[in-house]
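Here is my note on this model. Please read it with the coordinates open.

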Amino acid sequence: MPFDARQDRMEINVSGLTKVFGDGPNAVTAIKDADLTMERGEFVSLLGPSGCGKTTLLRIVAGLESPTEGTVEIRGNAVWNGTRRSAAATRPVSMMFQEARLFPWFTVVENVALPLRIAGVGRKERLERATAICETVGLKEFLHHRPNALSGGMRQRASLARALVTEPQLLLLDEPFGALDAMTRDALNIELMDVCARANVTTILVTHSISEAAFLSDRVVVLAPRPARITAMIDMPFDRPRGLELQQSMAFQKMVGELRQKLSEGE
Ligand SMILES: Nc1ncnc2c1ncn2[C@@H]1O[C@H](COP(=O)(O)OP(=O)(O)OP(=O)(O)O)[C@@H](O)[C@H]1O
């Protein structure tokens with residue numbers, strides 16, 4: 001059989017995915033017949049209006065929610081085959097949310113080390129690994145602080161470090177910086193791109209922000225309102241590494257306009 005390099009790089013394959021919540025007259029179709037493939041290391045954003053099923057799609061890929069129909073595979077292993085969850089679905093996937101969800105009684109480094117503790121990694125190794133990733137995301141000075149002593153941005157840095165400490169294949173981000181002020185959000189987005197590139201982690205970001213999606217992504221997936229249908233997939237043709245000045249360029253502004261147009265066409 002000929003070697004298919006693209007197949008070898010394939011990280012995610014979502015096929016014919018449909019999700020209906022409830023039944024009868026109260027049934028809500030959150031996603032309808034969605035197909036999405038991603039290569040290893042790719043950064044894809046899901047962009048769409050509120051309630052169009054972005055979080056549901058992310059939760060199904062994470063294995064937290066079952067689809068009504070369709071399949072999800074990560075590196076060729078089924079996560080879902082219809083409503084059946086695969087036993088092999090213990091692949092390294094990390095998820096990060098709009099709120100940091102840190103334990104207030106643990107220090108930053110203890111919070112970050114928690115997934116390793118759950119995985120049975122010994123204390124010395126897990127604290128070393130957690131310390132190293134905290135330093136990468138700018139938390140060197142805050143290792144032994146408790147979360148309530150941190151700013152919102154710092155808490156999200158800790159949450160990002162915790163998501164990355166297990167060296168996941170797949171990072172799922174649900175509006176991770178949506179509650180932060182614009183300047184902190186810009187700074188964290190730059191760092192996010194940097195750590196994702198260094199870790200070569202495949203990343204899916206859910207966002208409402210057109211410019212954030214364009215700035216961070218290799219590809220933007222545009223969803224139409226409920227039930228979510230994928231109406232466009234657009235490559236972001238900007239070189240990496242990217243700096244904030246990219247957002248001032250004509251090419252970037254033009255892309256933002258194109259994405260806005262695609263979003264409004266779906267409505
Ligand atoms: N557990 C659930 N039970 C019933 N309906 C649900 C459930 N979860 C989501 N839905 C419905 O599915 C639809 C899609 O929700 P989802 O949260 O995926 O949208 P979203 O695009 O992420 O929204 P937002 O951008 O506002 O976060 C919504 O109509 C929502 O009410």
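1. Basis. The model is predicted: local features need pLDDT of at least 70, side-chain atom pairs count only at pLDDT 80 or more, and totals for chains, interfaces and linings use all residues. Residues are numbered from 1 along each chain as its sequence is written.

2. Sheet. Six strands make an open sheet with mixed pairing, in the order β7-β8-β9-β3-β10-β11. β7 (93–96) and β11 (230–235) are the edge strands, each pairing on one side only. On average, neighbouring strands of this sheet are turned by 15° against each other, direction ignored. Strands here are DSSP runs of E, at least two residues, and helices are runs of H or I, at least four residues, numbered from the N terminus. Two strands pair if DSSP finds at least two bridges between them. Axes are lines fitted to C-alpha atoms, for helices over the stretch in contact; angles run from 0 to 180 degrees between N-to-C directions.

3. Strand β10. Strand β10 (residues 219–223) pairs with strand β3 (residues 43–47) in the parallel sense, over four bridges. V44 stands opposite R219 of β10, and L46 has V221 as its bridge partner in β10. With β11, β10 pairs in the antiparallel sense over five bridges. There, V220 has I234 of β11 as its bridge partner. Four of the five residues of β10 are buried, so the strand is largely enclosed by the rest of the structure. Buried means that 20 or more other C-beta atoms lie within 10 Å of the residue's own; exposed means 12 or fewer, and partly exposed is in between, with C-beta atoms placed from the backbone.

4. Helix α2. α2 lies across β3, β8 (170–174), β9 (202–207) and β10, and runs at about 155° to β9. Six of its eight residues are buried, so α2 is largely enclosed by the rest of the structure. The buried residues are K54, T56, L57, L58, I60 and V61. Just after α2, G63 takes a positive phi of about 85°.

5. Ligand shell. Which residues come nearest to the ligand? Of the 13 around it, they are F21, A30, S50, T55 and T56. A residue is near if its C-beta atom, placed from the backbone, lies within 6 Å of the molecule. β2 (28–39) and α2 (54–61) each supply at least two shell residues. The largest share, three residues, comes from α2. By class, the shell has four nonpolar, seven polar and two charged residues. Ala, Val, Leu, Ile, Met, Phe, Trp, Tyr, Cys and Pro count as nonpolar, Asp, Glu, Lys and Arg as charged, and the others, Gly among them, as polar.

6. Core. The largest nonpolar core has 71 residues, and L47, V112 and A161 have the most contacts inside it. Helix α5 (residues 152–164) gives the most to this core, six residues. Such a core is a set of buried Ala, Val, Leu, Ile, Met, Phe, Trp, Tyr and Cys residues joined through C-beta atoms within 7 Å. A161 touches V112, I133, C134, V137 and L139, leaving out residues up to four places away in sequence. Contact means C-beta atoms, placed from the backbone, within 7 Å.

7. Residue I12. I12 lies in strand β1 (residues 10–21). I12 counts as buried because it has 21 C-beta neighbours inside 10 Å. I12 and T37 are 25 residues apart in sequence but 5.4 Å apart in space, C-alpha to C-alpha. Residues touched by I12 include V61, I74 and T202.

Key
Two residues are in contact if their C-beta atoms, placed from the backbone, lie within 7 Å.
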